[in-house]
Amino acid sequence: IEGTVGVRVTVGANGRVSACSVNASSGSSILDDAACRGMERYARFDPALDAAGNPTSGSYSTRITYRLN
């Protein structure tokens, strides 16, 4: 199975993904589910900063491509 999944994640003040949703399906529920599971398990971010320079939650969108070699 190959395809590209568009995801949007919410990043908490600790830099970890607290929520994930698919905003552009690959057409395969297996790939769509794997994209969010992977982001929630492995992704780490520098958290967004508020006006005072304190870590706060934010969001990020990206596309993940699954391709067989």
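Biologist: Which residue in S2 is the bridge partner of Arg8?
Modeller: This is a predicted model: local features need pLDDT of at least 70, side-chain atom pairs count only at pLDDT 80 or more, and totals for chains, interfaces and linings use all residues. Residues are numbered from 1 along each chain as its sequence is written, and side-chain values use heavy atoms, without hydrogens and water. Six bridges join antiparallel S1 and S2, and in S2 the partner of Arg8 is Ser21.

Biologist: Which residue in the hairpin of S1 and S2 takes a positive phi?
Modeller: Five residues lie between the two strands of this hairpin. The positive phi is near 85 degrees, and the residue is Gly15.

Biologist: Which strand has the lowest mean pLDDT among the elements of the chain?
Modeller: pLDDT is the predictor's confidence in each residue, from 0 to 100. The chain averages 96, and 100% of the residues score at least 70. Strand S1 (residues 3–11) has the highest mean, 98. The lowest, 92, belongs to strand S3.

Biologist: Which residue does a disulfide join to Cys20?
Modeller: A disulfide is a pair of cysteine sulfur atoms within 2.5 Å. One is found in the whole structure, with an S to S distance of 2.1 Å. It links distant parts of the chain, 16 residues apart: Cys20 in strand S2 and a cysteine in helix H1 (a helix is a DSSP run of H or I, at least four residues). The partner is Cys36.

Biologist: Is Cys20 buried or exposed?
Modeller: Buried means under 20% relative accessible area, exposed over 50%, and partly exposed in between (1.4 Å probe, protein chains only). Cys36 has 11% and counts as buried. Cys20 has 18%, so Cys20 counts as buried.

Biologist: How many residues make up the largest nonpolar core?
Modeller: Such a core is a set of buried Ala, Val, Leu, Ile, Met, Phe, Trp, Tyr and Cys residues joined through side-chain atoms within 4.5 Å. Here the members include Val7, Cys20, Leu31, Cys36 and Met39. S1, S2 and H1 each give two or more residues to this core.

Biologist: How far apart in space are Thr56 and Val11, C-alpha to C-alpha?
Modeller: Thr56 is in strand S4. Beyond residues up to four places away in sequence, Thr56 touches Val11 and Pro47, among others; contact means heavy atoms within 4.5 Å. Thr56 and Val11 are 45 residues apart in sequence. In space, their C-alpha distance is 8.5 Å.

Conventions
Pairing = 2+ DSSP bridges.
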